Amino acid sequence: VFVNHEGDMFRTRLTHSIEVAQIARSIARFLHFNEDLTEAIALAHDLGHTPFGHAGQDVLNECMREYGGFEHNLQSLRVVDELEEKYAEFDGLNLTFETREGILKHCSRKHAECLGDVGERFIKNTQPGLEAQLANIADEIAYNNHDVDDGLRAGLLTIEQLNEVRLFSDQYDSVKRLYPELAPRRTIHEIIRRMINRQVLDLIEHSGTTIAAAGVDTADAVRRQPSALVTFSPAMRDMHLELKRFLRTHLYQHYRVQRMTAKARKVIRELFDAFIDDVRLLPPDTYARTSQYPALAENDGRARAIADYIAGMTDRYAIAEHERIFSPMRLN
């Protein structure tokens, strides 16, 4: 939600990914899933996300519309399959199918048709593995709860507003009853910790029951299920959705967030336009990539290399690069 330069205490893609991995691995241990696989998916799930969150992704997709578009989940897979250069003999990280499947949370059918086995489930409408399902929900648990924390810290949300949300108000009442003199900041931490714990325990209990009832004993059996097996109970799902709706209305649409979103869109669009007009503005390694995609038309290859470069930026780096390109006071 918050751009990194607004303060060092707000979540970033990195800290968010760590929180997702912590939640997902803890649940995996209780459910006897593959913990290493779960953690790998969780740590890699946002590698392809642009700076400035979903605002950056949306505007980069608009910029890339003539060149195949941009999907951040597909970009995450692209990072681990092609863009990482850690080995002498091959590009990418040589990850297992199960890890790559889990990273690809969403994908359009058009792109899925070009991805081979990892794209098949989007064509055949089958389920991903249990670890992928778990990482997906752990992602939602993490960002919903840390957005509450960041929103309160920034002063965009209030306790009074949040007490309209059952998941928050139940924990608030419990904490205030047990620790009436607790300092405000510690009170918030205790509430959010309990919110996460309540969702985690519900997910463990309900998913364990659902998996046992389905009688699945292989990964293929999991994939053939009509719906995901790692899920909240109906009551918790309702509370989870209530929190999501609250955050959309009171935080994501807050005028201060909208102002920063508008600035972020401007930064991404102006960087893309500047680079597509003159690739000599790119750093040497990225400039070299603009001619290294023989399967694409010249302009498409140039645009994809630029999208790779922009998508790999942090918020701070994107702002600094924008200043380097457009500010007459910055010469390097």
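Guide: Welcome! The accessible surface of this chain comes to about 17200 Å², and 51% of that belongs to carbon and sulfur atoms; such areas come from the Shrake-Rupley method with a 1.4 Å probe, and for residues only the protein chains shown count as cover. This is a predicted model, in which local features need pLDDT of at least 70, side-chain atom pairs count only at pLDDT 80 or more, and totals for chains, interfaces and linings use all residues. Residues are numbered from 1 along each chain as its sequence is written, and side-chain values use heavy atoms, with hydrogens and water left out.

Visitor: How many helices and strands does the chain have?

Guide: Helices (H or I, at least four residues) and strands (E, at least two) are DSSP runs, numbered from the N terminus. Here there are 17 helices and zero strands. The radius of gyration is 21 Å, close to the 20 Å that the globule rule gives for 332 residues, so the chain is as compact as a globular protein of that length. That radius is taken over C-alpha atoms, and the rule is 2.2 Å times the number of residues to the power 0.38.

Visitor: What share of the residues count as buried?

Guide: Buried means under 20% relative accessible area, exposed over 50%, and partly exposed in between (1.4 Å probe, protein chains only). Of the 332 residues, 48% count as buried.

Visitor: Which helices do the buried residues of H10 pack against?

Guide: Start with the general idea: an α-helix has 3.6 residues a turn, so residues three or four places apart point the same way. In helix H10 (residues 166-178), the buried residues are Leu 167, Phe 168, Ser 169, Gln 171, Ser 174 and Val 175. They pack against helix H8 (130-154), helix H9 (159-162), helix H11 (184-214) and helix H13 (234-252).

Visitor: And Arg 100: what is it in contact with?

Guide: Contact means heavy atoms within 4.5 Å. Arg 100 is found in helix H5 (residues 97-103) and counts as buried because its relative accessibility is 16%. Leaving aside neighbours within four places in sequence, Arg 100 touches Leu 77, Asp 81, Leu 95, Asp 117 and Val 118.

Visitor: Which loop holds His 32?

Guide: Most residues other than glycine have a negative phi. His 32, not a glycine, has a positive phi of about 65 degrees. His 32 sits in the loop between helix H1 (13-31) and helix H2 (35-44), and at 72% relative accessibility His 32 is exposed.
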